Amino acid sequence: MNLLINRTHKEFSRFLFVGLSATLVHFCVVTSLYSFFSVTILMANGMAFSIAVVVSYLGNYHWTFRAQSRHRSTFPRFIGIALF
């Protein structure tokens, strides 16, 4: 029981860290594109979202959950959830 709690806590902490990292990436990309490259805010947000989704997916796939399944099956599900 204690091992399960420790594993769940570790997984949650990693999930939180990956989510915060993806959020920071999203913010930095939007800010940079809008401020330095004069990209419209809507376009900058779309581009930043795309990059942040990849950061989130790869972080969670490799580090949080240490997935063994193929990207071809997991990535489309992840995108569906992210868009929802």
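1. Which helices each supply at least two residues of the lining of the largest pocket? They are α1, α2 and α3 (71-83). Helices here are DSSP runs of H or I with at least four residues, numbered from the N terminus.

2. A word on the source before going on. This is a predicted model, in which local features need pLDDT of at least 70 and side-chain atom pairs count only at pLDDT 80 or more, while totals for chains, interfaces and linings use all residues. Residues are numbered from 1 along each chain as its sequence is written, and side-chain values use heavy atoms, with hydrogens and water left out.

3. Back to the largest pocket, which holds about 220 Å³ of space. A pocket, on a 1 Å grid over the protein atoms alone, is an open set of points where a 1.4 Å probe fits, with protein on both sides within 12 Å along at least five of seven lines; its lining residues have an atom within 4 Å of a point. Grid points are joined across faces, edges and corners, and the volume is the space filled by probe spheres set on them. Of the 13 lining residues, Ala22, Ala52, Ser56, Phe78 and Ala82 lie nearest the centre. By class, the lining has eight nonpolar residues, five polar and no charged. Ala, Val, Leu, Ile, Met, Phe, Trp, Tyr, Cys and Pro count as nonpolar, Asp, Glu, Lys and Arg as charged, and the others, Gly among them, as polar.

4. The second largest pocket has a volume of about 170 Å³. Helices α2 and α3 each give at least two residues to its lining, which comprises six nonpolar, three polar and one charged residues. Among the lining residues are Phe15, Tyr57, Tyr61, Thr74 and Arg77.

5. Two of those residues deserve a look. Phe15, in helix α1, is partly exposed, with a relative accessible area of 42%; that class lies between buried (under 20%) and exposed (over 50%), using a 1.4 Å probe and protein chains only. Phe15 touches Asn60, Thr64 and Phe65, leaving aside residues up to four places away in sequence; contact means heavy atoms within 4.5 Å. Thr74, in helix α3, counts as buried because its relative accessible area is 10%. Leaving aside residues up to four places away in sequence, Thr74 touches Tyr57, Tyr61 and Ser69.

6. Helix α1 covers residues 2-36 and reaches 50 Å from its first C-alpha to its last, close to the 51 Å expected. The expected span is 1.5 Å times one less than the number of residues. Its buried residues include Arg14 and His26, and α2 (41-64) is part of what covers the buried residues of α1. Just after the helix, Ser38 takes a positive phi of about 55°.

7. Where does the largest nonpolar core sit? Its six residues are Val29, Val30, Leu33, Val39, Ala44 and Ala48. Such a core is a set of buried Ala, Val, Leu, Ile, Met, Phe, Trp, Tyr and Cys residues joined through side-chain atoms within 4.5 Å. Helices α1 and α2 each give two or more residues, with α1 giving the most, three.

8. Finally, helix α2. Its buried residues, including Val53 and Gly59, pack against α1 and α3. Arg66 follows the helix, with a positive phi near 50°.
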